[in-house]
Amino acid sequence: MRVIAFIVVCLTGALLLYGTSEFPDWGDPKSPASLHVSNYYIEKTYEDTHAPNFVTAVVTDYRGFDTMFETAVIFTAGLGCFLLLRDFRGKKEHYYRHIPTGVILHIKDEKKSLTVGKEFGYMDKEWVPPDLINKTVCRILIPFIQIYALYVVAHGDFSPGGGFQGGVIFGSSLILLAISYDLKTLVKRIKERLLGIFAAVGVLIYAGTGALCLVMGGNFLDYGKLAPLFPGYEDHIRTLGMLVVEIGVGIAVMAVMTIIYINIVSEGRHDEGL
Amino acid sequence: MHWPIDIIVLTFVIFCAIAAISVKDLLGTAILFGAYSFLMCLLWTVMGAVDVAFTEASVGAGVSTVFFVAAIFRTSRRTKD
Amino acid sequence: MEHYAALIVVAPFITALFAGLFVWIEERLSYPIVLAGLAVSVYSAIQVLIQVMAVGTLQYKFAGWPPPIGIEYRIDLLNAMVLCLVSGIAFLNLIASYRSVQQEISDRTGSYFTVYNLFVTGLLGVTITGDLFNLYVLIEITSLTSYAQIALGDKDRGPLASLNYIFIGVIGASFYLLGVGYLYMYTGSLNMADVAVLIKGSQGSSTVLTAFILCILGIWIKMALFPFHVWLPNAYTYSPVIFSRVVAPLMTKVMVYVMIRLMITVFGYDYIFNTLHLSEAVVWLATLAILAGGVMALAQKNLKKMLTYIIVCEIGYMVGGAWMGNQLGMTGAILHILNDALMTFALFLAVGNMVYRIEKVDITDLKGLFGKMPWTMGGFVLAALSIIGVPPTCGFFSKWYLILGAMEKGAYHFVAALVISSLICAVLFFKVFEICFFESGSHGHEHSSHGPVAIEEAPVSMLIISGLVSLSLIVAGVYSGTIVNTIILPFLK
Amino acid sequence: MSDVLSLIVAKYNYWLYVILMMIGLYGMIAKNNLVKKIVGMNIFQTAIILFYVSIGYKTDATIPILKNAHDAHGAAIHAADYINPLTSCLMLTAIVVSVATFGYAMALAVRIYQRYQTLEEDELRMRLSEE
């Protein structure tokens, strides 16, 4: 296998190196790649859309149709993980810990429903004592991470970032919650159902904006046609359209990242994790 | 001209890539893979593609590594090669 | 209405998302929503075909930006035909397979239908788009949804087959992406028509040559041409019935379509056949693919797996025809996209009906099936005859064009391979018929663990679709002259 | 000598991306462990992204965000001052695709481990032939 792999790699590498032989120099501003279409984007974006960040403008407006499917790819990944791993049967064993004394109850029968008082805490099978520093720091940090994520989403047109990055950061703040406390804390706060709805609604906001443009008489995703809905913002209507779309992407990505994490770490049982 | 920085980072990137696929412990692979992604993101910042770098920093070095560690937690660290 | 072009793709997409939403609210609504989306798509595809036949190539600019700047859909006769085919087959399959989804994926049907519709969206988008990078994104949607669906089939082998498919699929898609990168390096554009204009006259450029090799190689890997076919049999065999019914007819054919699109629209005949002289080599490769597919099909014991190797064989036909370098060969290849999709669909519909009743389809399990499932077997026989290439069915006519094309070029090895593979198919199918017809069925003692299973005919909804598609094989055969004259020849002019 | 040096400076980025990609491809084909293969796959995809970003780079150009956006009216925008935004845009999409594939592949690895208790390809093949 290694020999075959080596031969394949050498052949492909040689082909690719051969292809680079006529490339223009690296960083040459006169190369065809930097002249034909890209100059239009640099010179006309601000005029067309009033978005200072060219990349966001290209991503969500000029090539917005690609980005819609990119969001669909993420959505599919989340849905695929759900379909593949989700296991509704639940777990047979449960562990409870008596907090004042540290005595552990191990309940093997799944049918027996047990009501425990406040001094008993639910516990993972592979349990480590909670670290006070970790917990406190994460608890303080998480709101700030989330605010930063919202900032990244909202300022996508002006600075690096956008819906996708913001969504990932928001999702990782939720994952951080699950890691620093335990998975139950996260699952209790954000129900699986809610995450599923968020994922679908996020992509729907994107596709719905496009369809709304269709209804308003433009082509699909032509934000300019939304102007009658936002009187007073005619100049910035395309930026506004981008913002709406970015919010949709952010919601979808946030939900999907969380779904993938929860499903992988608990093998689809949503009970215990890292 | 940024090429000295560029070439140093690129060397590190290649080093991390080779290490990531040859280390005999999957948790080590996960961390090296995170380092690889982060160095890659540095490289892209040097080249001026800030949006891509930002995405890679949050995705490659962040969430991907978490998925990786989560998967190792549910499978095993053992690897033969 | 000018927006039909967008609706073809957008309607199944939005309904997929709504279905995904309703999974969490009222799961039973997912199915009708998905079905409605595909119905809109079929209707729009037919409208677009009528428009294209009346006025010629249609363009649709997304977000209103003119082509090299924004993304455009460009629909000519070939697109429009494949679009009708894809949306029609996906729609019929969704009706026919409703019950087998209930049987196989009982507890999460809503999510499954969402993934199904996303898959169809991907296929339609690949077919309709006029932008190289948009094509890549949609190929990835198609791939990711297929990985997700394959893993749901066989509990043991499904995930492994899916992971192997991921590795090979990613290599294929990445090669394509690299090829697009090289093209972008040379031209600075991503629009197919624009790229075609810009690379005209760049015969000697190593960048364009590498881009060409990478793109075609990527598509071949995705298409499962002979040396790259290793993922296909497992992936298609271990997937759920509904998915194997839609992926076997459509996925490879859409990839063949992409290859033809790249050859004709982007790189141009002149570059491929007059500058590079690749025709000889690729026709030999296709010949090998046909023979290898046929021989490996002979060795299989499982009916579904045997059919997947026949798909490998059919891919050889289409690639060979398309690379013949003359009009007859290309006509044969395009006609075979249509015919092979219909034939494979009919075959897998019949096999799906069998799986619905007897679960395991090793060839020895099929004893006495003619008596028990006569209608299903009727459809199966018709489809099998068409694959073999018996005259009134459509399989004969595309093979005829392929043979004429090969004769004109003097590629007699290809003709020989075609005839041999037809004979192999005949042997294979008559073996199956013999077992189904003459050997009496097991009387319970072989299935003692399950108790005596009374095999009966499949449900009516499955049978009607199966019968309709099988009859359409004859209709397509009778009207193949019309199809060639009104769609394929005007396109190739 | 200076010619060679300038050639190296002009092209080394492309050569190194080829090397990186081949590392990924080799890992994907030759490694025995499924998770290692997935890592190889991701390295392969990242190398392609590096290639695209290299295409978009221009010497003496800045990041693709308009300078002085608030008082730029009337001021001419020179294309040579900003790097190519299109490649960045394309690669955002490619990164998303790669992370989606990565997440799903990891989920598959977990699933396979649940079923077979191993991630080594040769052991898996052995288990399959036993059954």
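## Cavities in a predicted model

The lining of the second largest cavity divides by class into 5 nonpolar residues, 6 polar residues and 1 charged residue. The structure is a predicted model, and the cavity in question has a volume of about 80 Å³. Chains B and D both contribute to its lining, which is formed by B:F33, B:S37, B:E56, B:V59, B:G60 and B:S64 together with D:N42, D:T46, D:I49, D:I95, D:S98 and D:V99. Two or more of the lining residues are given by each of α2 (26-46) and α3 (50-74) in chain B, and likewise by α2 (34-56) and α3 (85-116) in chain D. With 4 residues, α3(B) provides the largest share of this lining.

The count of cavities of 30 Å³ or more comes to 8, and the largest cavity has a volume of about 120 Å³. Of the 15 residues that line the largest cavity, those closest to its centre are A:V59, A:G163, A:Q165 and A:E246 from chain A and D:L92 from chain D. In chain A, at least two residues of the lining of the largest cavity are supplied by each of α3 (54-62), α4 (64-85), α6 (163-180) and α9 (237-265). The largest share, 4 residues, comes from α3(A), while the lining as a whole has 5 nonpolar, 7 polar and 3 charged residues.

| Cavity | Volume | Lining by class | Largest share of lining |
|---|---|---|---|
| Largest cavity | about 120 Å³ | 5 nonpolar, 7 polar, 3 charged residues | α3(A), 4 residues |
| Second largest cavity | about 80 Å³ | 5 nonpolar, 6 polar, 1 charged residues | α3(B), 4 residues |

Notes. Residues numbered from 1 in each chain as written. Chains lettered and ligands numbered in written order. Predicted model: local features only at pLDDT ≥ 70, side-chain atom pairs only at ≥ 80, totals over all residues. Heavy atoms only, no water. 1 Å grid on protein atoms, 1.4 Å probe; cavity = no way out; pocket = protein on both sides within 12 Å on 5 of 7 lines; lining within 4 Å. Points joined across faces, edges and corners; volume = space filled by probe spheres on them. Nonpolar A, V, L, I, M, F, W, Y, C, P; charged D, E, K, R; others polar.
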